[in-house]
Amino acid sequence: MKNKRAITLLQTLVLLLCIIQASGQNRISSPYSRFGIGDLMPNSSVYNMAMGGISYGVSSPFFVNTANPASYTSFDTLSFVFDIGAYTRQSKLITQNLSQTANFTSLGYLLFGFPVTRWWRSSLGLLPYSGTGYHMTDRQEDDILGSYTREYEGSGGINKFYWGNSLSITRNLSAGFNLTYLFGTVDKSSATTFPDSAFRMNYKILTSTKIHDLMLNYGLYYKYNFSNGIQFGAGVVAGNNSKISATENRLGYRYFISSTGVDNVVDTVLNEPSVKGDILIPAHLGFGFSLAKTDKWLVGADYQLQLWEKYRYFDQPDSLKNSMRFSVGGQYTPSASTVSNYFQRITYRAGFRYSNSFLELRNQKIDEFGISFGLGLPLPRTRSTINLAAEIGTRGTTTENLIKENFVRFTLGLSIFERWFIIRKYD
């Protein structure tokens, strides 16, 4: 009965997450999400986020680490791991003259991990891949055109559903892959208006892009147990250039703005429905390592490089630059086995990350830096945990009239560890 209730609960949660993700809600509020495929979402659970995002050289039987599919071999042979999380982000957008606050909340991820055989582990999950959400206005003066305003708006995002597998090659080495299905819709609009002229017609272009295709990424994970109880872990992940199929609807028209703010269309100058093309997501390579003592402490570091200069959108480049990310973090548990002091059983996590994003605007690299903290709160009489993470960070610069973002992100996760594959001799 316990397993049946758990299965029913998981099915309900899966349905809930699918409905929320399919609704096309914004998962981001940032002017920088206008470029490329939007803001890339974290490829990990709250467990990794709290440690600066380290994941390539980290494995755990109690959490699903999607960043390195080879790490799934750490799942127990008789267990089922379920991981769900939600996050909220509050940011302050700053220019040289103005500032504005923005915030959003989203159900973040739904992950499952389970054994198949003694040498084969598998995982399924649904996560956001990227998010687009912005609304910007740029007012300019021209000697010929006079005063005019350009307005940019975007919403939507890309989700990913993955099926991952990990195989034990030797006692210490495993290999794995994630087969990922990307899907979602991104809507964008750009408008040029002439607020000081009653005779010039405004112009607007609307695009709606639907993404739907498969991609692969691979991983290797090596672990070695020293005689003093210290475990060393190292991982490598990679992904090839992936051409993702997309369909775009394009509409452009000239219009006047009515007294009620509605577009009164004068004529249509562009109408191209269902234009098919590809979005080339470039190759990436990452590696990391960790040192740990079971149920006591862990430290690790990651490095990732992605070749965004090769990015193409319907065969058109987007002036993106290669990106780099570096992360360091760790965790500490005072005493996992004590029963008299709950605070001794709490796991304390911290880390930081630094990245050069794929954006370079007005000769300024858009860098990002974040410091994270977290807690793992064990539930009574189980290895399941409630996990909390907070990250304080900054992105961008106010130089050259650009925008700087100061943000705080909170993540709440629940990791359920159950032994489901035991054949009982007595009932």
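Colleague: Which strands form the hairpin with five residues between them?
Modeller: Strand 9 and strand 10. This is a predicted model. In the turn, Gly261 has a positive phi of about 85 degrees.

Colleague: What makes strand 9 and strand 10 count as paired?
Modeller: Pairing needs at least two bridges. Here 15 bridges join strand 9 (residues 242–257) to strand 10 (residues 263–281), so the two strands count as paired. They run antiparallel. Ala246 stands opposite Gly277 in strand 10.

Colleague: Which other strand pairs with strand 9, and how do you know?
Modeller: Strand 7, residues 202–225. The two share ten bridges in the antiparallel sense, and the rule asks for at least two. Lys210 stands opposite Thr247 in strand 9.

Colleague: Why is the pair Tyr253 and Tyr255 called edge-to-face?
Modeller: Take the centres, then the planes. Ring centres must lie within 6.5 Å to pair, and these are 5.5 Å apart. Planes over 60 degrees apart count as edge-to-face. The planes of Tyr253 and Tyr255 are at 65 degrees, so the label is edge-to-face. Both tyrosines are buried.

Colleague: Why is the pair Phe287 and Tyr303 called tilted instead?
Modeller: The centres are 5.7 Å apart and the planes are at 40 degrees. Stacked needs under 30 degrees and edge-to-face over 60, so 40 degrees makes this pair tilted.

Colleague: What does that pair tie together?
Modeller: Phe287 lies in strand 11 (residues 284–293) and Tyr303 in strand 12 (residues 297–306), so the pair ties together parts that are 16 residues apart in sequence.

Colleague: Are Phe287 and Tyr303 buried, exposed or partly exposed, and why?
Modeller: Buried means under 20% and exposed over 50%. Phe287 has a relative accessible area of 44%, so it is partly exposed. Tyr303 is at 30%, so it too counts as partly exposed.

Colleague: What makes Arg89 count as sitting over the ring of Phe407?
Modeller: Its charged end is 4.2 Å from the ring centre, and the distance limit is within 6 Å. Arg34 lies over the face of Tyr152, at 4.1 Å from the ring centre.

Colleague: Where does pLDDT stay under 50?
Modeller: Over residues 5–9 and residues 19–24. For residues 5–9 the model has two contacts beyond four places in sequence; for residues 19–24 it has nine. Where pLDDT is low, the predicted coordinates should not be read in detail. The mean pLDDT of the protein is 88.

Key:
Residues are numbered from 1 along each chain as its sequence is written. This is a predicted model: local features need pLDDT of at least 70, side-chain atom pairs count only at pLDDT 80 or more; totals for chains, interfaces and linings use all residues. Side-chain values use heavy atoms; hydrogens and water are left out. Helices (H or I, at least four residues) and strands (E, at least two) are DSSP runs, numbered from the N terminus. pLDDT is the predictor's confidence in each residue, from 0 to 100. Contact means heavy atoms within 4.5 Å. Rings of Phe, Tyr and Trp (its six-membered ring) pair if their centres lie within 6.5 Å; planes under 30 degrees apart count as stacked, over 60 as edge-to-face and the rest as tilted. Buried means under 20% relative accessible area, exposed over 50%, partly exposed in between (1.4 Å probe, protein chains only). A charge sits over a ring if NZ of Lys or CZ of Arg is within 6 Å of the ring centre and within 35 degrees of the ring normal.
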